[in-house]
Amino acid sequence: GSFPSDTPFKFGEGSELAEGQTADEDSKPYCICGRPSFGQMIGCDDSECEFEWFHLQCLGITGTPPQGDFVCPTCRTRRARGSRKTSKKKGSAGGRG
């Protein structure tokens, strides 16, 4: 007997991915260049970063990556523009009542 031509069989499906890794994660674009993960990378510590991971060479970082918290240039610019929401509430305790 032979298999009918409409048999839903896919040979080797998912076998090339590492355990716990999805196809989306593997091909997800990283960095400002939009390419996948390769070489040495650094993660942005800003929780609202649209890229999260960056290739050191794309950021112009040579040698040892920066230690401690790292915020990418994109997030630094965004913070400088939008996060100047300084609250001007003065603690005036002498209210009515």
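The questions and answers below take up the terms one at a time.

Tutor: This is a predicted model, in which local features need pLDDT of at least 70 and side-chain atom pairs count only at pLDDT 80 or more, while totals for chains, interfaces and linings use all residues. Residues are numbered from 1 along each chain as its sequence is written, and side-chain values use heavy atoms, with hydrogens and water left out.

Student: What makes the pattern of the protein chain α-β-β-α?

Tutor: Helices are DSSP runs of H or I with at least four residues, strands are runs of E with at least two, and both are numbered from the N terminus. The protein chain has two helices and two strands, and reading along the sequence gives α-β-β-α.

Student: Why is C72 called buried?

Tutor: Buried means under 20% relative accessible area, exposed over 50%, and partly exposed in between, with a 1.4 Å probe and protein chains only. C72 has 0% relative accessibility, so it counts as buried. C72 sits in the loop between β2 (53-55) and α2 (73-82).

Student: Why does C75 count as buried?

Tutor: Its relative accessibility is 2%, so C75 is buried. C75 belongs to helix α2.

Student: Which residues does C72 touch, not counting those up to four places away in sequence?

Tutor: They are C44, C49 and F54, where contact means heavy atoms within 4.5 Å.

Student: Which residues does UniProt list for "binding site"?

Tutor: The unreviewed entry lists C44, C49, C72 and C75. They span 32 residues in sequence, yet no two of their C-alpha atoms are more than 8.3 Å apart, so they gather at one spot. UniProt positions follow the numbering used here, feature names are shortened, and annotations may be inferred rather than shown by experiment.
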